[in-house]
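Subject: Structure handover

Hello,

Here is the structure you are taking over. My notes on what was found in it follow below.

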Amino acid sequence: MSSALVPLLVLLPLIGAAVTLILGRYPRLQIVISVSALTLVTAAAAVLLAVVDHSGEPVVVRVGGWEPPFGIVLVVDRLSAIMVVVSALMLLGVLVFAVGQGIADRDRDTPVSIFHPTYLILSAGLFDAFIAGDLFNMYVGFEMLLAASYVLLTLGGTGSRIRAGVTYVVVSLVSSLLFLGAIALIYGATGTVTMALLSERIRALPLDVQMILCVALLIGFAVKAAVFPLSFWLPDSYPTAPAPVTAVFAGLLTKVGVYAIIRTDRLLFFDVPLMVPLLIVGGLTMLIGILGALAQADVKRLLSFTLVSHIGYMIFGVAIGTELAMGATIYYIVHHIAVQTALFLVVGLIERVGGSTSITRLGGLLKKAPFVAALFFIGALNLGGIPPFSGFLGKVGLFEAGAQSPSPLVYALLAAGAITSLLTLYALMRVWNMAFWRPKAEVEGYESPLIESLQESPETTNGTATGVATATRNSALMTGATTGLIAITVALTVFAGPLFGLTQRAAVNVVTPEVYVESVFPGGTP
Amino acid sequence: MSASLTLVVLMAIMYGTGVYVMLERSLTRILIGFLLVGNATNLLIFLMSGRAGSAPIVPGGEVAADTVDPLPQVLMLTAIVINFGVTAFILALIYRSWWLSNLGDEGDDVMSDEEKEEAIEAENADELQASLESDDTAVLEVLDEDEDHGDDDGPPATPEPSERERDVMR
């Protein structure tokens, strides 16, 4: 029964995309269809998570009835199920936000008729990448979500978006080609792309060959996950997109890369000794990312830099690679997806209330929009790792795992992690002090409401939604969606105990690939 | 596994030139570079299917030891389709970026040649319509006058049809 749900994760959004494309002239019907498609996917994913967690065995679907080494398998284990549930929830929340924004703006800015189909294709690609049982299917999932993301990023085709889009598209293309080349090499070395079979066959290869294959794959994924030396594209491209699009990109697209790194590192290449390079790269990602964030005046760019920086924590967890570390990493991924998406939506609200996203222009928002201020405050404390929020719990888990496998480098990383956490808090509190706490009268160049509106008008020409914001208000749907996502981040804190148990069980599956292999090949590998 | 040296050399050249061209600033060159590197990757996948000259798989046929491996071909085909789609998107991106850099945001309000023609045609059509309507009213006025005369004179209001028109009526 439960195996029938697995293809639905990809099929429902795809069918929804086709229908919404046909119904391009009926925006209301489009909204109904895309919201219900994502709701159904969320429900299906939740059921799958319950089933998989209860039985402890992955659900395997042989697409088209072909046996694994020849056909495609879809595998939902605990890790995939957790990722699918969280991302489906986020996608749904952001979709509601986008609908609210569309209604509030009366669709002036964006051609919404293509927004819904593209958004659903992005979801389908995302879910496909999470449940893919072979490398090539994962590549196809990546390409689906990337192609959709190119369209979403350049939505409306304004100058700044096209410029940002070019960087993003070219970088993504290169990383995809690296991924594809790595798949070709792996196929040449082992004669298969099914991950369960690769898990056995790669171990039989000489270690140096394993190393080359592993690094080739990792570089492709690291570009997507924005790991340090390959992360410069991210803060330049994400912030120009419309607020809901940035939220989805920030929350989910980099995490697919991290998910892929976990899969390849633990399932395929667990013999390859990559701990030291991964630790160094993870530490640099943390520090350089957060130092970049400190230098930013634009809240969206600042958040993009914290996004890069916190990817470092996940790489740190993957590098240590013990059961506890993996559990903490998965918990941290869940936390970070939720909190980053929510914060970007809050910035979307700030942009509309304050008319800008630059902290040099914002001020007095606490008085003007106390509710938005409360949402931002909770999200910021959470991301900054203040106890008792989930950001703190995730970091405690990671640090504990680090302390259990001691070496000088790990201790250096722990210090870097603590500093990064503090600096994140500092960066976000700067936003809080400037945008919310300081009175409007202290904003530079402020003289009277009339002159203020004149000064803000040049922003309308820069092509982003900033200009619209001076006149718009937040609809109830937008505030509701953001509140819902912030509530999820709080729930991650409240239910941290059971959730940590779940991610710990997921980590057991990840660390011992035998379960995965046996579920795909019940009678032993060919 | 043995592979054809020609293809390996070709692939290497395509990778090299592709990466070189991609490093240019111009978007069109980046696209050309992407096409070269993409097809070099396709060749790489193809090389993984073994040496040339092996028999393909046919339905109902025997599978011998030297039958060619069909999976890389499938992977390649998928990759080609994906590259094709992405290329189309990049072309649209290049066109849009050219449009913006040459005309700016105001360019969106500039009419293209076709639109201009259409606008002119529409104008002409309006004029034609107006002239037709004025002709109609003129004819109607004449007819009305004729009817007025007809009441006085007795003979039918419409003039006698000519010989030819009668033929047509039959």
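The mean pLDDT of chain A is 85, and 92% of its residues score at least 70. Within chain A, helix α5 has the highest confidence, at 92, while helix α19 (residues 466-469) has the lowest, at a mean of 38. Residues 446-471 of chain A stay under 50 in pLDDT, and the model has 33 contacts beyond four places in sequence for them. Where pLDDT is low, the predicted coordinates should not be read in detail.

Next, helix α5 of chain A. This helix covers residues 135-153, 19 residues in total. From first C-alpha to last, α5(A) reaches 26 Å, close to the 27 Å expected at 1.5 Å a residue. Of the 19 residues of α5(A), 18 are buried, so the helix is largely enclosed by the rest of the structure.

Then there is the core. The largest nonpolar core holds 219 residues, and A:Ile82, A:Ile183 and A:Leu345 have the most contacts inside it. Helix α13(A) contributes the most to this core, 20 residues. Beyond its neighbours within four places in sequence, A:Ile183 is in contact with A:Leu135, A:Phe136, A:Tyr139 and A:Val193.

A:Arg352 sits in helix α13, which runs over residues 323-354 of chain A. Is A:Arg352 buried or exposed? A:Arg352 has 25 other C-beta atoms within 10 Å, and 20 or more make a residue buried, so A:Arg352 counts as buried.

A:Leu268 belongs to helix α10 (residues 243-268) of chain A. This residue is buried too, because it has 25 C-beta neighbours inside 10 Å. With neighbours within four places in sequence left aside, A:Leu268 is in contact with A:Met195, A:Leu198, A:Ser199 and A:Ile202. A:Glu200 lies 68 residues from A:Leu268 along the chain, and their C-alpha atoms are separated by 7.9 Å.

Two points concern the backbone. Most residues other than glycine have a negative phi, and most peptide bonds are trans. A:Ala226 is not a glycine, yet its phi is positive, about 60 degrees. A:Ala226 is in the loop of chain A between α8 (207-225) and α9 (234-237). The residue is buried, since 26 other C-beta atoms lie within 10 Å. A:Pro388 is placed in the loop of chain A that lies between α15 (370-384) and α16 (390-404).

Last, the contact between the chains. How many residues does the contact take from chain A and from chain B? Chain A gives 20 residues and chain B gives 24. On the side of chain B that touches chain A, α2 (27-47) and α3 (71-103) of chain B each supply at least two residues. The largest share of that side, 13 residues, comes from α3(B). Sorted by class, the side of chain B that touches chain A has 17 nonpolar, five polar and two charged residues.

Regards

Conventions. Residues numbered from 1 in each chain as written. Chains lettered and ligands numbered in written order. Predicted model: local features only at pLDDT ≥ 70, side-chain atom pairs only at ≥ 80, totals over all residues. Helix = DSSP H or I, 4+ residues; strand = E, 2+ residues; numbered from the N terminus. Buried ≥ 20, exposed ≤ 12 C-beta atoms within 10 Å, placed from the backbone. Contact = placed C-beta atoms within 7 Å. Nonpolar A, V, L, I, M, F, W, Y, C, P; charged D, E, K, R; others polar. Expected span 1.5 Å × (residues − 1). pLDDT = per-residue confidence, 0-100. Core = buried A, V, L, I, M, F, W, Y, C linked by C-beta atoms within 7 Å.
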